[in-house]
Amino acid sequence: MPSIAIVGAGPQMGLAIARTFGSQGFDVALISRNRDKLDDLVGKLEAEGIDAAGFPANVLDRAGLTRAIESAAAKFGGIEVLEYSPVGTFGSTALTAPTGTEPSHVEFEMNFQLYGAIAATQAVLPAMREAGAGTLLYTTGAGSIWPDPRVANVNAAAAALRNWVMNLHKELADAGTGIQAAHIGIDSSIGVSVIPGVGAARPEQITPLYWDLHTVKRDQAELVFKL
């Protein structure tokens, strides 16, 4: 069976993406920091008939993240789709306006968003190149496209990730690798609104974009979800 590795898997978008691909016959590798939460997600998926397994890793520990992805590939016989969407917590992520942003505020986000994504990509890309197929999907808030000064430091790193993904898409497409790379920008909160004036969407409203990029929109470098 094909498999998807979801980095930053959680009970909202991660679980919804897992269900979307799992319902199409994919095995699911869930990667995030908390083993207990992973076990809960795996239990929910297996109850729905989806073969899933959890692999604890912190995206800030790039060597540990690589090992987790390699373990997932070994269990499922490879990774056909990588989805990268870790979300910071209010305890660990400072939200800063431009004038209140220190270099350390952006540095943390760059490690969390861009550098983690690069490490995850390097863990799966050689096998995808050898197979001549694969899908690489990366999620950010739409502030990577349309900046919101209330979250300037997060936007800066998200924009860097988006830029890198757009370049990755072009490089892989121009070389005829058969590998799709694309960015998904989400212009809403997920589940409940956390930023004033920004509405909330259900994860199930968003996940069709991921399936479309893997299947029928492989020539596109980006899709944006808007309420």
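Modeller: Helices in this structure are DSSP runs of H or I, at least four residues long, and they are numbered from the N terminus. The model is predicted.

Biologist: How do you know that the span of helix 3 agrees with the 1.5 Å a residue rule?

Modeller: Helix 3 covers residues 62–76, which makes 15 residues. The expected span is 1.5 Å times one less than that number. That gives 21 Å, and the end C-alpha atoms are 21 Å apart, so the two agree.

Biologist: Which residues of helix 3 are buried?

Modeller: G64, L65, A68, I69, A72 and F76. Buried means under 20% relative accessible area.

Biologist: What puts them on the same side of helix 3?

Modeller: Their arc around the axis is only 135°, so they share one side of helix 3. An α-helix has 3.6 residues a turn, so residues three or four places apart point the same way. The face turned away from the buried side carries R67 and A74, which are exposed.

Biologist: What do the buried residues of helix 3 pack against?

Modeller: Strand 1 (3–7), strand 2, strand 3 and helix 4.

Biologist: Now helix 2. How does its reach compare with the expected value?

Modeller: Helix 2 runs over residues 35–47, 13 residues in total. From first C-alpha to last it reaches 18 Å, close to the expected 18 Å. Its buried residues are L38, L41, V42 and L45. These cover an arc of only 100° around the axis, so they sit on the same side of helix 2. On the other side, D36 and A47 are exposed.

Biologist: Where do the buried residues of helix 2 pack?

Modeller: Against helix 1 (13–22), strand 2 (27–32) and strand 3 (52–56).

Biologist: How many salt bridges does a search of the whole structure find?

Modeller: It finds 8. One of them joins R19 and E48, at 2.8 Å from N to O.

Biologist: Why is the pair R19 and E48 called a salt bridge?

Modeller: The limit is 4 Å, from a Lys or Arg nitrogen to an Asp or Glu oxygen. The R19 and E48 pair is at 2.8 Å. It therefore qualifies. In general, side chains of opposite charge can pair when their charged atoms come close.

Biologist: What does the pair of R19 and E48 tie together?

Modeller: R19 lies in helix 1, and E48 in the loop between helix 2 and strand 3, so parts 29 residues apart in sequence are tied together. R19 is partly exposed at 29%. E48 is partly exposed at 42%.

Biologist: What makes D148 buried or exposed?

Modeller: Its relative accessible area is 19%. The limit for buried is under 20%, so D148 counts as buried. D148 forms a salt bridge with R150, with the closest N and O atoms 2.8 Å apart. R150 counts as partly exposed, at 39%.

Biologist: Where do D174 and K170 lie?

Modeller: Both are in helix 5, 4 residues apart, about one turn of the helix. D174 has a relative accessible area of 57%. Exposed means over 50%, so D174 is exposed.

Biologist: Helix 5 also holds H169. Is H169 buried or exposed?

Modeller: Its relative accessible area is 10%, so H169 is buried.

Biologist: What is H169 in contact with, leaving aside its neighbours within four places in sequence?

Modeller: Q180, A181, R218, D219, Q220 and A221. A polar atom of the H169 side chain lies 3.4 Å from the backbone oxygen of D219. H169 and Q220 are 51 residues apart along the chain, with their C-alpha atoms 8.4 Å from each other.

Biologist: Which residues have the most contacts inside the largest nonpolar core?

Modeller: V7, I31, F55, L65, L136 and Y138, in a core of 34 residues. Helix 4 (residues 103–131) gives the largest share, 9 residues. Apart from this core lies another, of 29 residues, including I6, A18, I184 and A201.

Technical notes:
Residues numbered from 1 in each chain as written. Predicted model: local features only at pLDDT ≥ 70, side-chain atom pairs only at ≥ 80, totals over all residues. Heavy atoms only, no water. Helix = DSSP H or I, 4+ residues; strand = E, 2+ residues; numbered from the N terminus. Buried < 20%, exposed > 50% of the residue type's maximum accessible area, 1.4 Å probe, protein only. Contact = heavy atoms within 4.5 Å. Polar contact = N/O pair within 3.5 Å; in protein donor to acceptor, adjacent residues only side chain to side chain. Arc of directions from axis to C-beta. Salt bridge = Lys/Arg side-chain N within 4 Å of Asp/Glu carboxyl O. Core = buried A, V, L, I, M, F, W, Y, C linked by side-chain atoms within 4.5 Å.
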